[in-house]
Amino acid sequence: MQDLGIEVLFQGKNLFRLLEGLWVTVRISIISVLISIVLGIVLGMIMTMRNPFIKIITRCYLEFVRIMPQLVLLFLIYFGLTKMFQINLSGELSAVIVFVLWGTAEMGDLVRGALTSIPKHQYESGKAIGLTVVQNYLYIIIPQTIRRLLPQAINLVTRMIKTTSLIALIGVVEVVKVGQQIIEASRLTTPSAAIWIYGVIFFLYFIVCYPISILSTRLEKHWRN
Amino acid sequence: MDFNFVKEYIPHYIEAAGLTIRIAAIGISLSILLGLLCSIIRYFRIPILHRAVGIYIELSRNTPLLIQLFFLYFGLPKIGVVLSSEACAIIGLVFLGGSYMAEAFRSGLESIANSQIEAGLSLGLTKGQVISYIVLPQAISISIPAFSANVIFLIKETSVFSAVALVDLMNVAKDLIGLYYKTDESLLMLVSSYLIILLPISIVFTLIERRLRHAGFGN
Amino acid sequence: MKSSEKLVEIKNLRKKFEATTVLEDISIDIHQGEVVVLLGPSGCGKSTLLRCINGLENIQGGVIILEGEKLNEQTKRIHLVRQKIGMVFQSYDLFPHMTVLENIILGPCKAQKRAKKEVVKEAEELLLRVGLFDKKDVYPRQLSGGQKQRVAIVRALCMHPKLMLFDEVTAALDPEMVREVLDVMLKLAKDGTTMIIVTHEMQFAKAIADRIIFLDHGKIVEESEPNVFFSSPRTERAKQFLNLFEFDAI
């Protein structure tokens, strides 16, 4: 029988190893997103301040992180920091740092956008019915902000998961790297492994990201009405 | 910082930047065409094609470009389809960019109120005339912010082409770090190159958006 | 102004939205130069009737005939029929990316393929008549609601329509702007334009109409001259409807 190549998936623990690699990917994304959300909310609130000095600083940070490709940021942290401070950062830690830098910028801008998009009369009508400042935020402003924010924040999660594929390029052993190892190991026995392994990784990413994307669009539609 | 080293290797970066820009330009132009086509198919709900485009968009938006490239570059040759690095890069970028552009244009198209179309029809314009004089001009200007975000996103994505052996900016930097251990200098030139390419584009788009918003023609 | 020549014939028109019948067995003849006002509570189907006449809705039964030509949405020539009908909407629907003048000349130039120079001249004359000549090069967003609506009327008029349809054109306007739009319509009526008007302005309806058609639940309930309709409506439903617009002291 002709070598189909698909059996490479079922040899040894290959499929299991891929899934383990996928977990590394997802774990890094989740950790980064959680930290980014916290820091992003802080950054977003700072960005609504009127102080011109703060405005310039945050703006520069935001623009730089957004303009630089994530791979460049990874190189900067992984190779640059290591050399500059003579410390040895693991690939995984570098990845989390980069994703937090990037995620905080994106979240910060989302938070700023959500905060400033709440019309002034919403603040005023809360006051008009006699709510205290805290109650006003608690019952009126924050719920509306979250509705605007959450779908985009969830969307950021999928973007991060997709971007984590890049960390294979700085040597982190996640799903892509595991795939490369399997292809390498079965080069002689299953020469066509590459198409199967990369095909499977393609769909693994899809299976993880698609439900999150759907959740994000559903929430957005649901809350828009 | 070894500035002689910087001076010596600047031409390498310029050459690589040229390649990055060229591939990005081709890829993005084709993405725009593919995106327009897909958004029109989605907007008019053309049977069968509508479904196919929907599946394509979801697949493309929910998978990383790197994997798409690896599949093209390392996977496909195993079934006899051998593509050059450049071909892989362009196909990959268009596969990714097409769906992003399609979504940008589609949200523009869908934001045109039905009453605008009816107003056009009641003037006795044909459907084609309504689309070309009333729907498209408005849809395009509405989708410009999303469109410009996509252009910058796609240029940034070209950085992963180094992984399929294209001698782009990333690749040059990686080589210099590996060969000479000139990390600071290589990274500085890398960052500067991307800033030089992307900052002007980002600024131009911001200006265009600001103008559009001021000249905004909301009712 | 009314002549004996029939411009529009509507026979046994039936319109459904899925399961609900919106218009049932509507038959109306409209003569050259006549001004017909459609009245009725909201949801009675009067706007839908206007939209059917302009072929914006497909119909499930009956016929609409304009100058002897049958009208249904399937006809390839529907856009040619529409060129003979001008329609003005509640929400103005000027094209926001075009100046006032561009809005007006789009139809005549592109749909009717008339010479631009001649169309521009006519558009300017019409704008002069509605007092908006100085606004010809501004964009719609710079206009007030009343000005937008007058431009929308001019846009329809510039097509030389045989028939004008007005769908609650003052409903979205601030009260002080209603008059300027109604005045334009009164002028048109005086000039002998054939019009079908849906409105909630009762005084205006009384002043402009040659005939009032009162619709309720998708059917024609009463059809009479304005004097008769407003002073002594024949049906209970019309009486109730008119009472909505009366205020007694408490």
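Guide: In helix 1 of chain A, Leu43(A), Ile46(A) and Met47(A) meet Ile54(A), Thr58(A), Tyr61(A) and Leu62(A) of helix 2 of chain A; contact means heavy atoms within 4.5 Å. By class, this contact has 6 nonpolar, 1 polar and no charged residues. Ala, Val, Leu, Ile, Met, Phe, Trp, Tyr, Cys and Pro count as nonpolar, Asp, Glu, Lys and Arg as charged, and the others, Gly among them, as polar. The model is predicted: local features need pLDDT of at least 70, side-chain atom pairs pLDDT 80 or more, while totals for chains, interfaces and linings use all residues. Residues are numbered from 1 along each chain as its sequence is written, chains are lettered from A and ligands numbered from 1 in the order in which they are written, and side-chain values use heavy atoms, with hydrogens and water left out.

Visitor: Why are helix 1 of chain A and helix 2 of chain A called oblique to each other?
Guide: Their packing angle is about 135°, with the axes 10 Å apart. Angles under 35 degrees count as roughly parallel, over 145 as roughly antiparallel, 65 to 115 as roughly perpendicular and the rest as oblique. The pair is therefore oblique.

Visitor: How are helix 8 of chain A and helix 3 of chain B oriented?
Guide: Helix 8 (residues 193-224) of chain A and helix 3 (residues 65-75) of chain B pack at about 165°, with their axes 9 Å apart. That makes the two helices roughly antiparallel. Among the residues in contact are Tyr198(A), Phe202(A), Phe70(B) and Phe74(B). The contact divides into 10 nonpolar, 3 polar and no charged residues.

Visitor: What makes Phe75(A) and Phe79(A) an edge-to-face pair?
Guide: Their centres are 5.0 Å apart and their planes at 70°. Rings of Phe, Tyr and Trp (its six-membered ring) pair if their centres lie within 6.5 Å; planes under 30 degrees apart count as stacked, over 60 as edge-to-face and the rest as tilted. Being 4 residues apart in helix 3 (residues 70-85) of chain A, Phe75(A) and Phe79(A) are separated by about one helical turn.

Visitor: Is Phe75(A) buried or exposed?
Guide: Phe75(A) is buried, at a relative accessible area of 2%, whereas Phe79(A), at 25%, is partly exposed. Buried means under 20%, exposed over 50%, and partly exposed in between (1.4 Å probe, protein chains only).

Key
Axes are lines fitted to C-alpha atoms, for helices over the stretch in contact, and angles run from 0 to 180 degrees between N-to-C directions.
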